Amino acid sequence: MNDDKTADQLIKEIYQRLMAAYGPQHWWPAETPFEVMVGAVLTQSAAWANVEKAICNLKTAQALSPDSIRNMPFPELAELIKPSGYYNAKARKLKSLVYWLWENFADDIAKMAKEETQKLREEILTVYGIGPETADSILLYALEKPVFVIDAYTKRIFSRIGLMEEEKSYNDFQRFFMSNLTPDVTVFNEYHALLVNLAKEACNKHPDCRKCCLVDICRYEER
């Protein structure tokens, strides 16, 4: 690893290498901002393929709208989203989200997007079942706010590279990225998606460093 480079130089270099290796990821796969919000809840502890099945069920039932989810009987909603796992808990989370959306914005997501980012983030975090990663996914992918999303993959990759300790908090990791990158919705979107791709392709729990485009700046094999 090149110790002469500063953190902001390395963060930018990592992004450039990932983009060269994998290209644009075109996240988040959804037709509407509300679909992104639903997906952000359903993807908690779930593989995306299973989330897609749950969203497909909602679409088939013509239930992928705030009003439909609010008025749908709880058991019916839970059954539709069953493929995503933890379906009773997630049904409760979706119900909480759509009631909050009505009470605060009358289901107007465009109005919601006009709120100041930090204030809105704090408000979203009051919704039952929504933590920082889900809130930030909503802000970035549904509302196009320049907020960097942190997940377990990001923590794993950057701790192995040697730029952060994996035990650091979500907020510590987020501050690290946002203090070293210019706020940019497109970059934040692509960077997070590219890190997920790297984690799945090479930097998994048992990494295949031969496949990694960052191997020469990573400290993992020094351990």
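1. The lining of the largest pocket comprises 12 nonpolar, eight polar and three charged residues (Ala, Val, Leu, Ile, Met, Phe, Trp, Tyr, Cys and Pro count as nonpolar, Asp, Glu, Lys and Arg as charged, the others, Gly among them, as polar). This is a predicted model: local features need pLDDT of at least 70, side-chain atom pairs count only at pLDDT 80 or more, and totals for chains, interfaces and linings use all residues. Residues are numbered from 1 along each chain as its sequence is written, and side-chain values use heavy atoms, with hydrogens and water left out.

2. The space in the largest pocket is about 650 Å³. A pocket is an open set of points on a 1 Å grid over the protein atoms alone, where a 1.4 Å probe fits, with protein on both sides within 12 Å along at least five of seven lines; lining residues have an atom within 4 Å of a point. Of the 23 lining residues, Thr43, Ala46, Glu133, Asp151 and Tyr153 lie nearest the centre. Helix α12 gives the largest share, five residues (helices are DSSP runs of H or I, at least four residues).

3. Trp27 and Trp28 are joined by a cis peptide bond, with omega about 0 degrees. Trp28 sits in the loop between α1 (7-22) and α2.

4. Two residues other than glycine deserve a check of phi. Ser45, in the loop between α2 and α3 (48-60), has a positive phi near 55 degrees. Gln62, in the loop between α3 and α4 (66-71), has a positive phi of about 55 degrees. Ser45 counts as exposed because its relative accessibility is 65% (exposed is over 50% relative accessible area, 1.4 Å probe, protein chains only).

Conventions: Points joined across faces, edges and corners; volume = space filled by probe spheres on them. Buried < 20%, exposed > 50% of the residue type's maximum accessible area, 1.4 Å probe, protein only.
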